[in-house]
Amino acid sequence: MKSDTIYIRALLTIVGVVAVLAFLFGRPSNPDRDLWLPSTFNPEPRGTKAIFVTLSEMGWPVARWQQSYADLSQTGTGNVMVFSRSGYGQREPFVANELNKLFAWIKEGNHFVVLGPISRYEDGAAILARSGYPLPQGFKPPTEGLFERGALLLQRDKRGSFDVLPPEGSPFFGKIKRLILERGDLLHKPPATGTVLFATPVANEPAVVRMPVGAGTVTFVSSPSVMDNGMLREADNLRFVLDVLRPEGPNKMPPHIWFEETHHGYRITYRASELLDLPGLRLAGLQILLGIMIFISSQMVRFGLIVPLPREQVRATMEFVSSMAKLYRRADLRDEVMHVLYEDTLQRVLKKLNMPENSSHDEISRLLGDAFPQLPRWKKIAQQFDNKGIYVEGLAPSGWMKVARELIAIKNAMI
């Protein structure tokens, strides 16, 4: 029963370790054709693989961001990060620690482009607030749509769309005539520090807004469709995308342009410290702590306070060792062991040399020396056993051990 318990515990430990490693270092399967919206791996109408592959083939400094946000501080300034979120759901929300690192990076002089109805989500509202563009008082986000994997992707692209135009005062006014976006959640009116880049032609509702954040900027686009595979070729969408990826001017290419894939579920690093930022993990930790406190308090109520178990007076450890040493000295068997070894060796020597039992030490030593000159002298060893039973008394361990090794050498040679 005990061995079964040990086996079960070992098996559970192995399963737990494998689960943790799979969670920390797992990789998505078949990422080159992932249908998640709007991943740069997605070749379907609502994906963004076309713009990513095209810019890469044109030599633009584009890459997928799949690292921890702790690495942002080492990337320099003037960079652009593009983040898209579909109205059909999300995979990985931003946590507070990531937003702290992201906005510290933006304030140093980098640019963040956010596409999609982020006001529906808690982390999206936090991005708006940190950009100086908080949601209005009493704002109620629309109901999130349902996403059935592949159902909206593999059919004909029949979504509704509408035009947005650059108003006067927009840096795109007179350069880009119109964008075509999928119908979705329009942006609310920005504060005076923000700039409306595009708005609806009738109600003048903002569709693209840029906010300064420190030395950098955050650009909000109401729909991710502006650069997806199905809409990129419409109207002036491609020209707008190329301009928004160069926020410091068409003649200045950013050092890096990253398409954010970390929050689509693609991670190449996941630091253990980031786990502490997950609300669910913190709640689980508090629940475990509460359970331990309840268990301890209930035990105290039921059985009373924990007190040390009274023990009888025991003997000192050295007293026990001393008494055992005396017992071993009284029961010393070295003499008996050595005599058994000597008699066994003598019988083997006599048999090997074909000599009688009453042969003298001199005769045995002479014949043994002639046949095995490399062995110790027999006479010198045998004379030590003439006074039987007392010869090892008073000798150091090295003394009788030396005799034992010589007897064993002779005995082994007689085989």
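The following conversation goes through a predicted model and asks on what grounds its parts are described as they are.

Visitor: What does the chain contain overall, and how much of it is buried?

Guide: The chain has 11 helices and nine strands, and buried residues make up 39% of its 415 residues. Among the contacts with a separation of 6 or more, 68% are between residues 24 or more positions apart.

Visitor: What makes His264 a buried residue?

Guide: A residue is called buried when its relative accessible area is under 20%, and His264 has 4%, so His264 is buried. The residue is found in the loop between strand S9 (257-260) and helix H6 (279-303).

Visitor: How do you know that the side chain of His264 makes a polar contact with Ser84?

Guide: The side chain of His264 reaches the backbone oxygen of Ser84 at 3.4 Å, and the cut-off for a polar contact is a pair of N or O atoms within 3.5 Å, so this pair qualifies.

Visitor: Is Asn204 buried or exposed, and why?

Guide: Exposed means over 50% relative accessible area, and Asn204 is at 52%, so Asn204 counts as exposed. This residue lies in the loop between S6 and S7, and its phi is near 55°, a positive value in a residue other than glycine.

Visitor: Why is Ala235 called partly exposed?

Guide: The class lies between the limits of 20% and 50%, and the relative accessible area of Ala235 is 36%, so Ala235 is partly exposed. Ala235 sits in the loop between S8 and helix H5 (237-244), and its phi, near 45°, is a positive value in a residue other than glycine.

Visitor: How do you know that the buried residues of helix H4 line one face?

Guide: In H4, which spans residues 122-130, the buried residues are Asp123, Gly124, Ile127 and Leu128. Seen down the axis of H4, these buried residues fall within an arc of 145°, so they line one face of the helix. What covers them includes helix H3 (96-107), strand S3 (111-115) and strand S8 (216-221). Just after H4, Gly132 takes a positive phi of about 80°.

Visitor: What makes S1 and S6 edge strands?

Guide: They belong to an open sheet of seven strands with mixed pairing, in the order S1-S9-S2-S3-S8-S7-S6. Strand S1 (62-65) and strand S6 (195-199) are its edge strands, and each pairs on one side only. Neighbouring strands of this sheet are turned by 20° against each other on average, direction ignored.

Visitor: How do you know that S1 and S9 pair?

Guide: Pairing requires at least two bridges between two strands, and S1 and S9 have four, in the parallel sense, so they count as a pair. Ala63 stands opposite Trp258 in S9. On this sheet packs H3, which touches strand S2 (80-84), S3, strand S7 (206-213), S8 and S9, and the direction of H3 makes about 115° with that of S8.

Visitor: What joins S4 to S5, and which way do the residues of S5 point?

Guide: Strand S4 (residues 161-164) is joined to S5 by four bridges, and the two run antiparallel; Phe162 stands opposite Leu181 in S5. From strand S5 (residues 179-182), Leu179 and Leu181 point one way and Ile180 and Glu182 the other way, and all are buried. In a regular strand the side chains alternate between the two faces of the sheet.

Key. Residues are numbered from 1 along each chain as its sequence is written. This is a predicted model: local features need pLDDT of at least 70, side-chain atom pairs count only at pLDDT 80 or more; totals for chains, interfaces and linings use all residues. Side-chain values use heavy atoms; hydrogens and water are left out. Buried means under 20% relative accessible area, exposed over 50%, partly exposed in between (1.4 Å probe, protein chains only). The arc is that of the directions from the helix axis to the C-beta atoms. Contact means heavy atoms within 4.5 Å. A polar contact is a pair of N or O atoms within 3.5 Å; within protein, one must be able to donate a hydrogen and the other to accept it, and residues adjacent in sequence count only if both atoms are side-chain atoms. Axes are lines fitted to C-alpha atoms, for helices over the stretch in contact, and angles run from 0 to 180 degrees between N-to-C directions.
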